[in-house]
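The sequence and structure are shown first.

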Amino acid sequence: MATPLEAIKDRLMISSDAFEVGDVVDIRYDPFVWDVVGLRVRTKRSSNKLYAGHGKSSVLILPEKFILNDVVLLAQPIEIVKDAIIPDSDNIASLSSLISSKVVTRDNALVGTITTVMIDTEHWKVLSIIVRLDKSAVEAMGMKKGLFSKISAEIGTDLILSSAEMVHLNEHMDGVRNNMTIVE
């Protein structure tokens, strides 16, 4: 099941025994294989004693099964969740840093701007990016749009060659057009 980043980010995380762990502030990922490394959580003051030795108010909680409602409800009690906590590191890429990034083709043609990221929360993989297509890309792809409408498309992470300041795709515009799904 694909879940947008916004459905997880900024939610309170609670263990199965009702302990408030903290707020999910981001998701860390491996940009080479698109695996989720951990959920970055800003811990609550009341929970700092559980994470002694980490020295930070943000920690990474290794991905696991959870129920997503108004909160992120972990399947485990706090005593078991403690074993899934590792120190956070700014050396690990964050999904939020992709939002508003420009997406370009193999030959540097602008495709558009990332508006969200879709995550498989069962297998903890980043599946795709949602891109608001640039007007020039819409024209280059031979698409028609309404006078005031914006077109967004879902592009799988298998098309991404690299992601840094910009996201570079491994296809030219025709390949991108053939491998995307219009979502709006």
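## Overall architecture

How many helices and strands does the protein chain have? The protein chain has three helices and 16 strands, where helices (H or I, at least four residues) and strands (E, at least two) are DSSP runs numbered from the N terminus. This is a predicted model, in which local features need pLDDT of at least 70 and side-chain atom pairs count only at pLDDT 80 or more, whereas totals for chains, interfaces and linings use all residues. Residues are numbered from 1 along each chain as its sequence is written, and side-chain values use heavy atoms, with hydrogens and water left out.

The C-alpha trace of the protein chain spans about 55 × 30 × 25 Å along its principal axes. Of its 184 residues, 42% count as buried; buried means under 20% relative accessible area, exposed over 50%, and partly exposed in between (1.4 Å probe, protein chains only). Among the contacts in the protein chain with a separation of 6 or more, 57% are between residues 24 or more positions apart, contact meaning heavy atoms within 4.5 Å.

## Aromatic pairs

A pair of aromatic rings is described by the distance of the centres and the angle of the planes. The structure holds two aromatic pairs. Tyrosine 29 and tryptophan 34 form a stacked pair, with 5.1 Å centre to centre and 20° between the planes. For this classification, rings of Phe, Tyr and Trp (its six-membered ring) pair if their centres lie within 6.5 Å; planes under 30 degrees apart count as stacked, over 60 as edge-to-face and the rest as tilted. Tyrosine 29 counts as buried because its relative accessibility is 3%, and tryptophan 34 is buried with a relative accessible area of 6%.

The rings of phenylalanine 66 and tryptophan 124 are tilted, because their planes are at 40° and their centres 5.5 Å apart. Phenylalanine 66 lies in strand β6 (residues 66–68) and tryptophan 124 in the loop between β11 (110–120) and β12, so this pair ties together parts that are 58 residues apart in sequence. Both phenylalanine 66 and tryptophan 124 are buried.

## The largest pocket

The largest pocket holds about 160 Å³ of space. On a 1 Å grid over the protein atoms alone, a pocket is an open set of points where a 1.4 Å probe fits, with protein on both sides within 12 Å along at least five of seven lines; lining residues have an atom within 4 Å of a point. Grid points are joined across faces, edges and corners, and the volume is the space filled by probe spheres set on the points.

Phe66 is one of the residues lining the largest pocket, together with Met1, Thr3, Lys65, Leu68, Thr121 and Glu122. This lining divides into three nonpolar, two polar and two charged residues. Ala, Val, Leu, Ile, Met, Phe, Trp, Tyr, Cys and Pro count as nonpolar, Asp, Glu, Lys and Arg as charged, and the others, Gly among them, as polar.

## Buried strand residues

Serine 128 lies in strand β12 (residues 125–133) and counts as buried because its relative accessibility is 3%. The side chains of serine 128 and glutamate 154 are joined by a polar contact of 2.5 Å. A polar contact is a pair of N or O atoms within 3.5 Å; within protein, one must be able to donate a hydrogen and the other to accept it, and residues adjacent in sequence count only if both atoms are side-chain atoms. Not counting residues up to four places away in sequence, serine 128 touches Val117, Met118, Glu154, Ile155, Gly156 and Thr157.

Methionine 180 belongs to strand β16 (residues 180–182) and, at 13% relative accessibility, counts as buried. Neighbours within four places in sequence aside, methionine 180 is in contact with Leu133, Met141, Met143, Ala153, Glu154 and Ile155.

## Loop residues

Most residues other than glycine have a negative phi. Alanine 18, in the loop between β2 (12–14) and β3 (20–30), has a positive phi near 70°. Alanine 18 counts as exposed, at 61% relative accessibility. Tryptophan 34 has a positive phi near 65° and is found in the loop between β3 and β4 (35–43).

Serine 57 is found in the loop between β4 and β5 (58–61) and counts as partly exposed, at 44% relative accessibility. Leaving aside neighbours within four places in sequence, serine 57 is in contact with Val41, Arg42 and Thr43. The C-alpha atoms of serine 57 and valine 41 are separated by 8.2 Å, the two residues being 16 residues apart along the chain.
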